[in-house]
Amino acid sequence: MATKTLEDLFHETLKDIYYAERKILKALPKMARGAQNEKLKAAFQQHKEETEGQVERLQQVFEIIGKRPRAKTCPAIDGIVEEGEEIMEEFKGSPALDAGLLAAAQAVEHYEISRYGTLRAWAQQLGYKDAVKLLDETLAEESKTDELLTELAEQAVNAAAQKKAA
């Protein structure tokens, strides 16, 4: 059996995040429809547009490494998305719904930040300079989204979640 390399690991992780981003693209419209806070709805809609660009950048990274874009099932993102769906069912109509949706969205962001940071470091190590730039761009977007979600939580969503249901 051939020894696996950092290049192999990079490719496998790239397939993982490609799957994750495509899964997230399907989940974001549902989250936007479920959200009660207008700013949270808008954040989900804006992030869907950003995610479309992120998928395109991932396709470019595949091209840079000479591989065709292919997804590999990511149980981690499946679990995080499933938790978000459970929150939407269990807290529908509740003042706490948005806080739960926001928390699920941040779990997604933190997963993505971890993956993109790792991929960026490996791309740097492997000499994929163009891939580094693309991964950096996505990492910056994911970090900015995480900051926006934190701001929404602190400024409105968490306080609204504390109110009693009407």
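## Packing of α4 and α5

In this predicted model, helices α4 and α5 cross with left-handed geometry. Helix α4 spans residues 97-126 and helix α5 residues 129-162, and their axes come within 9 Å at a crossing angle of roughly 160°. Angles over 145 degrees count as roughly antiparallel, and α4 and α5 are therefore roughly antiparallel to each other. The contact between α4 and α5 comprises 16 nonpolar, 9 polar and 7 charged residues.

## Packing of α2 and α5

Helix α5 also packs with α2: the two axes come within 10 Å and cross at roughly 165°. This angle makes α2 roughly antiparallel to α5. The crossing of α2 and α5 is left-handed.

On the α2 side, the residues in contact include Lys39, Leu40, Ala43, His47, Glu50 and Arg57. They belong to a set that meets α5 residues, among them Asp130, Leu134, Leu135, Glu141, Thr145 and Leu152. By class, this contact has 11 nonpolar, 5 polar and 7 charged residues.

## The nonpolar core

In soluble globular proteins, nonpolar side chains tend to be buried together. Here, the largest nonpolar core contains 48 residues. Phe10, Leu14, Ile17, Phe44, Ile77 and Leu135 have the most contacts inside it. Each of α1 (6-34), α2 (38-64), α3 (75-90), α4 and α5 supplies at least two residues of this core. Helix α1 provides the largest share, 12 residues.

## Surroundings of Phe44

Phe44 is among the core residues with the most contacts. Leaving aside residues up to four places away in sequence, Phe44 touches Leu28, Met31, Ala32, Ala35, Leu101 and Ala105.

Technical notes:
Residues numbered from 1 in each chain as written. Predicted model: local features only at pLDDT ≥ 70, side-chain atom pairs only at ≥ 80, totals over all residues. Heavy atoms only, no water. Axes fitted to C-alpha atoms, helices over the stretch in contact; angles between N-to-C directions. Helix = DSSP H or I, 4+ residues; strand = E, 2+ residues; numbered from the N terminus. Parallel < 35°, antiparallel > 145°, perpendicular 65-115°, else oblique. Left-handed = near helix turned anticlockwise from the far one by under 90°. Nonpolar A, V, L, I, M, F, W, Y, C, P; charged D, E, K, R; others polar. Core = buried A, V, L, I, M, F, W, Y, C linked by side-chain atoms within 4.5 Å. Buried < 20%, exposed > 50% of the residue type's maximum accessible area, 1.4 Å probe, protein only. Contact = heavy atoms within 4.5 Å.
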